[in-house]
Amino acid sequence: MKDYWNDKVPVKKLNKKKISITIYILILIIVLIVLFCLYISSQDARNWIDKNILRKEINQNNVSTIDLDSENNYKIYAYDKNIAVLNHNTLKIYNDNGKEEKSLDVQINNAIFKSNNKFLVIAEEKGQEVYVISGTEILWKGQVDGNISQIHVNKNGYVAIVITDTSYKTVINFYNPNGERKFVTFLSSTRVVDTSISNDNKYLAIAEIDSSGSYIQSNVKIISIEKANDKSNTGLDDSITYIYKADANRLITNLRYQDKNNLICKYNDGIDLINNNENTSLVTIGDKKTTFMSIKLSNNVVSVEEKSSGLFTADSVVKIMNTTNKKENLYNADGVAKDIVTYDDIIGLNFGTEIHFINTNGWLIKKYIANQEITNVVLSGKIAGIIYRDRIEIVNL
């Protein structure tokens with residue numbers, strides 16, 4: 001009996017600190033779940049959370065800037081994480097903090113730009129000079145016969161240059177990433193409005209307009225790059241794999257290859273998809289008040305519809321469609337968008353004194369608020385430049 005009472009069973013003490021931490025974590029999880037549900041279901045709650053918790057709203061006084069001389073005429077473009085500024089044959093490249101990274105000498109004054117991935121192509125509009133830049137270095141440069149009207153580059157650095165004012169109506173030069181011209185395409189009677197190179201480097205698509213007849217005829221031609229590069233072929237017809245002729249007076253304005261060789265075609269009245277030699281309608285304007293459309297996105301297209309919200313007011317409904325699975329996401333904004341800019345997975349909606357940057361899932365990334373009217377914006381998938389006469393304000397996305 002004595003040994004029994006001496007061997008007392010130890011009593012476990014409650015660890016108040018662990019209990020407090022556990023309760024705190026549970027409360028935090030519950031709060032986060034509630035906030036997430038509110039964020040999904042309520043536009044007002046989403047706006048409040050974006051502004052006060054996620055800090056997605058930024059003012060023009062709280063961003064990095066690049067100073068400009070208001071007396072000079074600059075050409076400005078955004079690509080990758082950089083802002084390119086051209087003035088007096090000098091191309092200055094700035095990073096996302098507004099610091100100058102590189103200064104390049106280019107014999108170009110009136111520039112046109114195109115970019116994809118890390119590649120930037122800059123050419124003299126109605127001139128002969130062209131430069132291809134990778135990152136901050138000149139990859140190759142060259143000259144063409146005739147006058148450059150358009151340029152295009154795919155994500156792997158293949159380049160198409162559209163040339164006019166030769167003995168043909170239009171000439172297209174095609175280059176590999178080393179600057180070697182692989183083939184030339186001649187069009188004798190049609191005007192090229194856009195080109196696009198597939199992501200797998202296998203196809204070159206050409207959007208052309210024939211206005212020689214009694215009505216406008218828009219055509220899309222798909223060229224096999226392998227066949228066009230085959231020296232045994234005698235002409236363009238040998239390399240054409242598909243031609244799509246749109247309905248009469250339907251005006252094509254843009255082309256863009258997306259993944260899985262989905263070729264997206266923008267017309268004045270809607271957006272179509274060409275894949276496996278079949279044409280499918282994605283967006284039709286009809287009697288809707290569609291103010292903007294864009295196909296310059298990764299595997300998505302976007303349209304902005306104006307809808308009345310009162311006697312003298314209207315809102316913007318942004319419809320974003322995935323071109324692979326046809327799933328549609330929506331973003332609703334108070335007010336009428338004055339312009340949109342798009343690139344990769346980013347859509348910028350300009351409402352005058354503020355810009356909403358959203359992704360293709362329909363979620364707000366950043367809201368930029370200015371003290372004055374915003375007239376010009378350049379955009380890449382990672383950075384936006386808000387252009388004023390004396391400065392560029394940088395928004396990291």
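This is a predicted model: local features need pLDDT of at least 70, side-chain atom pairs count only at pLDDT 80 or more; totals for chains, interfaces and linings use all residues.

User: What makes the contact of Asp 80 and Lys 382 a salt bridge?

Analyst: The side chains of Asp 80 and Lys 382 meet at 3.1 Å, N to O, and since a salt bridge asks for a side-chain nitrogen of Lys or Arg within 4 Å of a carboxyl oxygen of Asp or Glu, the pair qualifies. The two residues belong to distant parts of the chain, 302 residues apart, with Asp 80 in the loop between strand 3 and strand 4 and Lys 382 in the loop between strand 31 and strand 32. Lys 382, at a relative accessible area of 40%, is also partly exposed, because this value falls between the 20% and 50% limits.

User: Why is Arg 250 called buried, and how do you know that Asp 269 is partly exposed?

Analyst: Arg 250 has 13% relative accessibility, which is under 20%, and therefore counts as buried. Asp 269, at 33%, lies between 20% and 50% and therefore counts as partly exposed. The side chains of Asp 269 and Arg 250 meet in a salt bridge at 2.7 Å, N to O. This pair, too, links distant parts of the chain, with Asp 269 in the loop between strand 20 and strand 21 and Arg 250 in the loop between strand 18 and strand 19, 19 residues apart. Arg 250 and Asp 269 are joined with Asp 272 in a network of salt bridges, and the structure holds 10 salt bridges.

User: How do you know which label, buried or partly exposed, belongs to Asp 390 and which to Arg 391?

Analyst: Asp 390 has a relative accessible area of 38%, a value between 20% and 50%, so Asp 390 is partly exposed. Arg 391, at 16%, is under 20% and so counts as buried. Their side chains meet in a salt bridge at 2.9 Å, N to O.

User: Why can Ile 21 belong to a nonpolar surface patch?

Analyst: Ile 21, in helix 2 (residues 16-41), has 44% relative accessibility, which is over the 30% cut-off, so this condition is met. The patch of about 770 Å² is made by Ile 21 together with Tyr 24, Ile 25, Leu 26, Leu 28, Ile 29, Leu 32 and Ile 33.

User: How do you know that strand 5 pairs with strand 4 and with strand 6?

Analyst: Strand 4 and strand 5 share five bridges in the antiparallel sense, and since at least two bridges are needed, the two strands count as paired. Strand 5 and strand 6 likewise have five bridges, antiparallel, and therefore also count as paired. Leu 86 has Leu 91 as its bridge partner in strand 5, whereas Lys 92 has Ser 103 as its bridge partner in strand 6. In the hairpin of strand 4 and strand 5, with two residues between the strands, His 88 takes a positive phi near 50 degrees.

How values were computed
Residues are numbered from 1 along each chain as its sequence is written. Side-chain values use heavy atoms; hydrogens and water are left out. Helices (H or I, at least four residues) and strands (E, at least two) are DSSP runs, numbered from the N terminus. Patches are made of residues with over 30% relative accessible area and no salt bridge: like charges are joined within 9 Å, nonpolar side chains (Val, Leu, Ile, Met, Phe, Trp, Tyr) within 5 Å. Accessible areas come from the Shrake-Rupley method with a 1.4 Å probe; for residues, only the protein chains shown count as cover. Buried means under 20% relative accessible area, exposed over 50%, partly exposed in between (1.4 Å probe, protein chains only).
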